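Open the model in your viewer and keep the selection tool at hand.

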Amino acid sequence: MAAPEPLKRGYDVDENAIRFSNYFHVLRELVHLSAGWLPHEPSFERKYELGDHLHDDARAITKVKRRLYELRHPSDYPGAPGEELTALLDELNAAATPHDYVLVAYGQAKPALVSAMERHLDTLDPVTDEPSLRLLTQIVERQRRHIAELGGEAAATIEDLGELPIELKDKRELRIMERLHEPARDDFVEVTEHGDPYLVDELYLNGDENHVPIEPEEQRHFFHGLMDAELSAAELMARNMHEHPEMLWDFHVDMARQTWDELRHARVHDILMQTELGCRWGDYPVGFSYFKSIYAYDLLGRLVLFNGTSEQKAMWRHSHRRKVLVDRGQEQVAKVFDYLLADEVPHVHNGTRWGSWLLGGDEHAYREKVRELRQGLDKTGQPTSTPSG
């Protein structure tokens, strides 16, 4: 057995904790602002990348918080960023458009994060600090991919943000953007008040009245509308995250995962339309009436009406659609509903978990709220009036 290499001095525990605190602040701001800007981004491709990266970064924060807990005996409190890092975070917040935000996020913040983490990896001792080695290696790989996918000319404007001072007794508050008027779509997508008139109510009913699209033309319209519905769902979850920074961190992780899920569903429909159905995104009009009717509610109302009602009822329809399509020999299309159904289960659980939490942990009170708000829905599950107050 070869003789071991001498241990490197590396960072001491306090230096390590300071570095991870700075990483936390950059990642947290990126998650918060990406969730806010995602609905404003018109391009489906860029919207998808933002959602994918949002999910990566949310999971990274969970691991960074855990490492801080391990280093701070035990605490994951990151303090507040110092003056130089605050300037970069303020620049992220000053973006006026999703394009401006991406330029700073992917052209400055993420490159600075990678540069600092690479310096950290070069300096740490790989034996005494192996937990940091493994964590940083994973995060750096993902951040490089993010920059390659959405970044232009990337340049780290801070030489080493990891070594910047942390104000342990202070706290940085996250800025919340103005409420969303409506989501953005690609320029070639027509947005109308009522969306695609081809989509009949029977497509969205549960029970014997439900109509499963089986002919090519109705499947084209249906999956186009379903793609838009998935985008709207992702945008609703993203705004739930952004507008409620006071919620426990696990809530943000759950919403980030659901945002990514919904965007993956939209991507599946996009591919299915192009490869199986002979149509493309933008071939038919879309509308935002359902999104607006749910977004008008507070967080509890959104969880009740979307996660606890829309997603729950969709589970039956996906199962029903899958069975009908399998019976007709359309296995490829049916497989899509099989996976949609699997993803809806944790989405419904998100509503129960966090709706109950908002009601003091009382799951019975949440289910009573579900029953109450469902009384104000039309037969397709859309609210018939705006919430009071």
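A cavity is a set of grid points where a 1.4 Å probe fits but cannot get out, and its volume is the space filled by probe spheres set on those points. In this predicted model, the largest cavity has a volume of about 40 Å³. The count of cavities of 30 Å³ or more comes to one.

Select L30, S34, L50, H53, L54, D57, Y101, A105, Y106 and K110 to show the lining of the largest cavity. The elements giving two or more residues to this lining are α1 (13–37), α2 (44–71) and α4 (98–123). By class, the lining has six nonpolar, two polar and two charged residues.

Next, select Y204, A229, Y290, T380 and Q382, which lie nearest the centre of the largest pocket, among its 44 lining residues. This pocket has a volume of about 1100 Å³. Colour α6 (216–243), which gives the largest share of the lining, ten residues. The lining divides into 17 nonpolar, 14 polar and 13 charged residues.

Move to F24, R28, K171, L174 and P245, the residues nearest the centre of the second largest pocket, which 20 residues line. About 580 Å³ of space lies there. α1 gives the most to this lining, with four residues.

Finish at the core. Which residues have the most contacts inside the largest nonpolar core? They are L92, Y101 and F223, in a core of 102 residues. Centre on L92: leaving out residues up to four places away in sequence, L92 touches E29, L30, L33, Y101, V104, A105 and A109.

Conventions: Residues are numbered from 1 along each chain as its sequence is written. This is a predicted model: local features need pLDDT of at least 70, side-chain atom pairs count only at pLDDT 80 or more; totals for chains, interfaces and linings use all residues. Side-chain values use heavy atoms; hydrogens and water are left out. A nonpolar core is a set of buried Ala, Val, Leu, Ile, Met, Phe, Trp, Tyr and Cys residues joined through side-chain atoms within 4.5 Å. Buried means under 20% relative accessible area, exposed over 50%, partly exposed in between (1.4 Å probe, protein chains only). Contact means heavy atoms within 4.5 Å. On a 1 Å grid over the protein atoms alone, a cavity is a set of points where a 1.4 Å probe fits but cannot get out, and a pocket is an open set with protein on both sides within 12 Å along at least five of seven lines; lining residues have an atom within 4 Å of a point. Ala, Val, Leu, Ile, Met, Phe, Trp, Tyr, Cys and Pro count as nonpolar, Asp, Glu, Lys and Arg as charged, and the others, Gly among them, as polar.
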